Amino acid sequence: MPTIRDVATRAGVSTATVSATLNGTAFVSPELKERVIAAVRELGYAPDAIARSLKQGRTHLIGLIVGDITNPYFTELTQVIEATAQTQGYSVLLCDTNQEFQKEREYLQLMRTYRVEGLILAATGRPDDYDLAEMHGLRMPVVLVDRALPLLPFDSVMLDNVLAATQAMNHILAFGHRRIGMIGGPRHLSVASEREEGYRLALQQQGIEYDGRLVRDGNFREEDAFTVSQELLSRSDRPSALFVANNHMLIGVMRAIADLGLQCPRDVSIVSIDDFRWANAFTPRMTTVNQPIPEIGHAAIRLLLDRLARKATTDPVHLVMMPTLRVRDSCKQVVFEPAERTTATIASMPASRNAFDHE
């Protein structure tokens, strides 16, 4: 295998010059850069694509930072983004923060090191964790997905999370449930706070007082959701239904229900945000609110490529995608008040913007 010293000898330059050329860490005159690239090609020290990128000043790399690749939402989103990027001549450098902001910061710097041309980011930190000057220092266009950072002037593609939560809650309420628990995510993430907002709004519209004791933070993780839903469902006054804020936590919730010897929907009705392939594999089949993940991924790539091609306007573009309720079998009628009153109450629900799929 050729070494950097072999390249330096062939090009008639120092190893420092070769390193500076390959890593872009210092200025190298056009003449020396050409000699280094020629030596790289001749010796096969690096793939031709890398040498060509160095010569053109482009890497054709797009960065993608997600919060948890084991989450089915991020798994599918990654597949969509990678496939779409490939059709446009780009490769994707994927990083998984495991919901740790310090990892995210390290990966942001890694993106600069690898000179990615643009970045799609599912942020993990709190809004005030991000320094505007530091983010501008990345010197690349950034598109936010899933989690909003209102203080940063970046394009974004988000779900209408308030609507998604109200769709889920209105479906549960239509079955007569009034004591409804919520398994949510970290409130500093916009996706979690907006879904809790939708939960509160649906209760308010039906004149039901919000009870914080029924809301638990499942941290958007299966194990955390298992723990908090076990505790919630073990209470003597347990809720008759649960709204679960994402599909990863839904798995933990269903494990907890089984562990406690309960059954869905006989003992507890369930609706979750995020449809996924396993939703039909559960018994019963799970009612979910679907995110249009292919559309989210395609839109994020399109916004990024427009920025790279300088086709986009100066102002950030914010796209909001609509959710769809997919009705299956995980809710059961519970009547805590006269049927006539329940029917009248549900009939008065506002139906604006709600979309339903029945399976």
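This is a predicted model: local features need pLDDT of at least 70, side-chain atom pairs count only at pLDDT 80 or more; totals for chains, interfaces and linings use all residues.
**Helix crossing and ring pairs**

Trainee: What makes H1 oblique to H3?

Mentor: H1 (residues 4-11) and H3 (residues 30-43) pack with their axes 8 Å apart and at an angle of about 120 degrees, where axes are lines fitted to C-alpha atoms, over the stretch in contact, and angles run from 0 to 180 degrees between N-to-C directions. Angles under 35 degrees count as roughly parallel, over 145 as roughly antiparallel, 65 to 115 as roughly perpendicular and the rest as oblique, so H1 is oblique to H3. Helices (H or I, at least four residues) and strands (E, at least two) are DSSP runs, numbered from the N terminus.

Trainee: Why are Tyr73 and Phe74 called an edge-to-face pair?

Mentor: The whole structure holds four aromatic pairs. In one of them, Tyr73 and Phe74 lie 5.1 Å centre to centre with 75 degrees between the planes; rings of Phe, Tyr and Trp (its six-membered ring) pair if their centres lie within 6.5 Å, and planes under 30 degrees apart count as stacked, over 60 as edge-to-face and the rest as tilted, so this pair is edge-to-face.

Trainee: How do you know whether Tyr73 is buried or exposed?

Mentor: Its relative accessible area is 3%, and buried means under 20%, exposed over 50%, partly exposed in between (1.4 Å probe, protein chains only), so Tyr73 is buried. Phe74, at 2%, also counts as buried.

Trainee: What is the arrangement of Tyr199 and Phe243?

Mentor: With 6.4 Å between centres and 15 degrees between planes, the pair is stacked. Tyr199 lies in helix H9 (residues 190-205) and Phe243 in strand S8 (residues 241-244), so the pair ties together parts that are 44 residues apart in sequence. Both residues are buried, and ring pairs link Tyr199, Tyr210 and Phe243 into a cluster.

Trainee: What puts the charged end of Arg200 over the ring of Tyr210?

Mentor: The charged end of Arg200 is 3.6 Å from that ring's centre; a charge sits over a ring if NZ of Lys or CZ of Arg is within 6 Å of the ring centre and within 35 degrees of the ring normal.

How values were computed:
Residues are numbered from 1 along each chain as its sequence is written. Side-chain values use heavy atoms; hydrogens and water are left out.
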